[in-house]
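Colleague: Please show me the model, and then I will ask about it piece by piece.

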Amino acid sequence: MLLRITVVTSLVLLAGCAAQFPEPAGSRNHASAAAVLDRSIEAHGGYLFDQAGSVRVSYDGEWRNVVKVLQPVLVDAGYRQQSEEMLDLETAGIVQVHNGPEGTKLVARTAEDVSVLYDDVESDDETTRAASALVADAYTMFLAGPSFIRQRGAALTLLEPATRDGESYQRIHAVLEPGFGFSDRDEAVLWVNDETGLLGLVHFTIDGLASTRGAHVDVAFSEYREIDGFIWPTEFYERVRAPLRVAAHSWYVIDLEVSPDSVDDYLARADAGN
């Protein structure tokens, strides 16, 4: 109870000073924004969705307690501790198998829909489905980086450059329609490192749930590694930026590989082996 009172008090005190989401101002230089995105895609090893097969990745991480209280359905901390995920490079669909102290959660996300199973029992709760679709799309962006923005056909605008931790960044404002999960529209700002071309941070809205409408978060990427011909971030740090500013989640890659097998091929072989 004390934690809940503290959270509510923090919301009241901090909502007025929460960071505003960046908006394009002045000239909207779409060609320059596209050029920065193209440079970042090449720095990451090329356009990921030109490849056949799938990306398989496993993560482990830790949630901050305040976010578990604020967004229990989105966080789903009882199930979302570790995960194994498969991103299909032909369809951009993703399958996520989450594990936590309460059991196993399976999410299968396509461009049109999402299926959610808790310990092999399918959920028909619409809030749970919406939250799972939002998370699946966000994690596709975290994994695919600038390739995700191109694959979604986002409308791009170049923002003023900025610095972060002593390094210079070009910033791209992207409008995604549809947005993350079941949102009609979301926005993202990609921070592209001036020197390396790698994505250092993405700041985005999360309007796919009634409880997150108007909120935005950022995720910082670090510890890049070359794996199977691409450059991947292997550590992630998420902060809520509005309606209050709090640390939310940190996680890291345990294993990652690019496979010539599609997700369907992999699942069919796994079923045959059982």
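Modeller: A definition comes before the rest: rings of Phe, Tyr and Trp (its six-membered ring) pair if their centres lie within 6.5 Å, and planes under 30 degrees apart count as stacked, over 60 as edge-to-face and the rest as tilted. This is a predicted model in which local features need pLDDT of at least 70 and side-chain atom pairs count only at pLDDT 80 or more, while totals for chains, interfaces and linings use all residues. Residues are numbered from 1 along each chain as its sequence is written, and side-chain values use heavy atoms, with hydrogens and water left out.

Colleague: How many aromatic pairs does a search of the whole structure find?

Modeller: A pair of aromatic rings is described by the distance of the centres and the angle of the planes. Searching the whole structure on that basis gives 15 aromatic pairs.

Colleague: Are the ring planes of phenylalanine 142 and tryptophan 251 stacked, edge-to-face or tilted?

Modeller: The centres of the rings of phenylalanine 142 and tryptophan 251 are 5.5 Å apart. Their planes stand at 45 degrees, so the pair is tilted.

Colleague: Which helix and which strand does this pair link?

Modeller: Helices (H or I, at least four residues) and strands (E, at least two) are DSSP runs, numbered from the N terminus. The two residues are 109 residues apart, and the pair links distant parts of the chain. Phenylalanine 142 is in helix H5 (residues 126-144) and tryptophan 251 is in strand E15 (residues 246-259).

Colleague: Are phenylalanine 142 and tryptophan 251 buried or exposed?

Modeller: Buried means under 20% relative accessible area, exposed over 50%, and partly exposed in between (1.4 Å probe, protein chains only). By that scale, phenylalanine 142 and tryptophan 251 are both buried.

Colleague: What is the angle between the planes of phenylalanine 230 and tryptophan 232?

Modeller: Phenylalanine 230 and tryptophan 232 are both buried. Their rings form a tilted aromatic pair, 5.8 Å centre to centre, with the planes at 55 degrees.

Colleague: Which ring does the charged end of arginine 150 sit over?

Modeller: A charge sits over a ring if NZ of Lys or CZ of Arg is within 6 Å of the ring centre and within 35 degrees of the ring normal. The charged end of arginine 150 is 5.0 Å from the centre of the ring in question, which belongs to tyrosine 47.

Colleague: How many salt bridges does a search of the whole structure find?

Modeller: Side chains of opposite charge can pair when their charged atoms come close. A salt bridge is a side-chain nitrogen of Lys or Arg within 4 Å of a carboxyl oxygen of Asp or Glu. The search of the whole structure finds 11.

Colleague: Which parts of the chain hold arginine 152 and aspartate 137?

Modeller: The side chains of arginine 152 and aspartate 137 meet in a salt bridge at 3.1 Å, N to O. The pair ties together parts that are 15 residues apart in sequence, because arginine 152 lies in the loop between helix H6 (146-151) and strand E7 (155-164) and aspartate 137 in helix H5.

Colleague: Is aspartate 137 buried or exposed?

Modeller: Arginine 152 has 24% relative accessibility and therefore counts as partly exposed. Aspartate 137 has 5%, so aspartate 137 counts as buried.

Colleague: Which strands hold arginine 239 and aspartate 218?

Modeller: A salt bridge joins the side chains of arginine 239 and aspartate 218, at 2.8 Å, N to O. This pair links distant parts of the chain, 21 residues apart: arginine 239 in strand E14 (residues 235-242) and aspartate 218 in strand E11 (residues 216-222).

Colleague: Which residues do salt bridges that share partners join into one network?

Modeller: Aspartate 137 has already come up as the partner of arginine 152. The network consists of Arg109, Asp137 and Arg152.

Colleague: Where is proline 178?

Modeller: Most residues other than glycine have a negative phi, and most peptide bonds are trans. Glutamate 177 and proline 178 are joined by a cis peptide bond, with omega about 0 degrees. Proline 178 is in the loop between strand E8 (167-176) and strand E9 (186-193).

Colleague: Is aspartate 120 buried or exposed?

Modeller: Aspartate 120 lies in the loop between strand E5 (114-118) and strand E6 (121-122). Its phi is near 75 degrees, a positive value in a residue other than glycine. At 73% relative accessibility, aspartate 120 counts as exposed.

Colleague: What is the mean pLDDT of the protein chain?

Modeller: pLDDT is the predictor's confidence in each residue, from 0 to 100. In the protein chain, 88% of residues reach 70 or more, and the mean is 90.
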